[in-house]
Amino acid sequence: EKEITDRSNTDEASADLFVITEADPEEYICLPNISSLTVTVVPPQDITEENIEEQLANYETSLWELRDVEGRDTAEEGDIVNIDYEVTVSGRRMEELDEQGCNVVTGTGTSGDGYENGIMGMHIGEIKEISFTYPEDYYNSAFAGQDAVFSVRLNRIQYYYKPGLTDDAVKEMHLIMEDGTSVESVAGLREYIREDLTKTIA
């Protein structure tokens with residue numbers, strides 16, 4: 001038998017509170033019927049050499065370092081340049097679009113705005129106003145077709161130093177196999193990757 005406490009005539013009436021005790025949960029909880037559901041068992045995947053090579057490439061990329069270009073101070077096509085810029089669109093300053101310490105690759109269109117083409121030929125420390133028009137199909141419709149000016153300061157010209165994946169580099173990663181042994185070589189790293197992939201996708 002359920003015990004119901006009616007508080008409608010008390011000071012707590014404004015809360016419209018009814019306390020139900022010793023209630024049967026099955027009368028208040030409706031569980032879905034899952035008897036018709038089917039479960040598909042995905043068979044284990046084979047670890048391929050392609051899987052291992054992809055992971056090796058990721059480890060190698062993790063060793064890359066940005067370094068300053070030496071011997072020149074003029075930006076060329078394909079350089080990684082570090083810049084600050086201020087943006088004006090149709091005569092209005094757009095401070096929310098300003099950036100400091102931004103890295104872009106010159107001449108590739110990777111910025112999405114096209115201003116990085118105008119950085120080629122700039123010298124470190126130089127400030128230059130680069131004008132362009134946003135394309136009509138620009139992803140941000142608020143700027144599509146509008147004229148913009150980027151006031152760009154060139155801070156640094158850089159490149160990726162790529163030391164390559166060597167036994168010494170692997171040792172510095174301090175990786176440990178399941179059996180507790182250290183990974184000391186590229187060959188050992190391959191086995192480490194195979195072991196890790198076996199746990200995650202096999």
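In this predicted model, the side chain of Asp79 approaches the backbone nitrogen of Glu76 to 2.6 Å. Asp79 sits in the loop that links β3 (65-68) with β4 (80-89), and because its relative accessibility is 7%, under the 20% cut-off, Asp79 counts as buried. Once neighbours within four places in sequence are set aside, the contacts of Asp79 are with Arg72, Thr74, Val104, Val105, Thr106, Ile157 and Gln158.

A second residue, Asn155, belongs to strand β8 (residues 147-161). Asn155 has a relative accessibility of 18% and therefore also counts as buried, given the limit of 20%. Its side chain makes a polar contact of 2.6 Å with the side chain of Arg153, while its contacts beyond four places in sequence are Asn82, Ile83, Asp84, Gly101 and Ile124.

| Residue | Relative accessibility |
|---|---|
| Asp79 | 7% |
| Asn155 | 18% |

Turning to the chain as a whole, the secondary structure consists of three helices and eight strands, which follow one another along the sequence as β-β-α-β-β-β-β-β-β-α-α. Of its 202 residues, 23% count as buried, and the chain exposes about 14000 Å², of which carbon and sulfur atoms supply 48%. Among contacts between residues at least 6 apart in sequence, 56% join residues at least 24 apart.

Methods: Residues numbered from 1 in each chain as written. Predicted model: local features only at pLDDT ≥ 70, side-chain atom pairs only at ≥ 80, totals over all residues. Heavy atoms only, no water. Helix = DSSP H or I, 4+ residues; strand = E, 2+ residues; numbered from the N terminus. Buried < 20%, exposed > 50% of the residue type's maximum accessible area, 1.4 Å probe, protein only. Polar contact = N/O pair within 3.5 Å; in protein donor to acceptor, adjacent residues only side chain to side chain. Contact = heavy atoms within 4.5 Å. Areas by Shrake-Rupley, 256 points an atom, 1.4 Å probe, with all protein chains shown as cover.
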